[in-house]
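Dear colleague,

Please find below the structure that I am handing over to you.

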Amino acid sequence: VGVSAITLRQQLNHFDCGVAVLLYAEKCGQGLSTEDINTDTSQENISAYRRMLQDFTRRVENLP
């Protein structure tokens, strides 16, 4: 039986759905409660996570 941690709309654009899933998965992996994930995640957090992933990908691309 699955239980959704997300009961409030947090992703406000049409292109961050995959990023939001990765952020939720990371938060679950860190052991955050469903209540904390739900209340402490916003579009701003999702956008910041997308930028972090982009920066990481660019750094990896430039490795020798």
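The model is a predicted one. The protein chain has a mean pLDDT (the predictor's confidence in each residue, from 0 to 100) of 87, and 88% of its residues reach 70 or more. Confidence is highest in helix 3 (residues 43-61), at 94, and lowest in helix 2 (residues 34-39), at a mean of 88. Helices are DSSP runs of H or I with at least four residues, numbered from the N terminus.

Residues are numbered from 1 along each chain as its sequence is written. Local features need pLDDT of at least 70, side-chain atom pairs count only at pLDDT 80 or more, totals for chains, interfaces and linings use all residues, and side-chain values use heavy atoms, with hydrogens and water left out.

The largest nonpolar core comprises 7 residues: V19, A20, L23, Y24, I37, I46 and Y49. Such a core is a set of buried Ala, Val, Leu, Ile, Met, Phe, Trp, Tyr and Cys residues joined through side-chain atoms within 4.5 Å, where buried means under 20% relative accessible area (1.4 Å probe, protein chains only). Helix 1 (17-29) and helix 3 each give two or more residues to this core, and helix 1 gives the most, with 4 residues.

Helix 1 and helix 3 pack at an angle of about 95°, with their axes (lines fitted to C-alpha atoms over the stretch in contact; angles run from 0 to 180 degrees between N-to-C directions) 9 Å apart. Helix 1 is therefore roughly perpendicular (65 to 115 degrees) to helix 3. The contact (heavy atoms within 4.5 Å) involves V19, A20, L22, L23, Y24 and E26 of helix 1, together with N45, I46, Y49, R50 and L53 of helix 3.

Yours sincerely

Technical notes: Buried means under 20% relative accessible area, exposed over 50%, partly exposed in between (1.4 Å probe, protein chains only). Angles under 35 degrees count as roughly parallel, over 145 as roughly antiparallel, 65 to 115 as roughly perpendicular and the rest as oblique.
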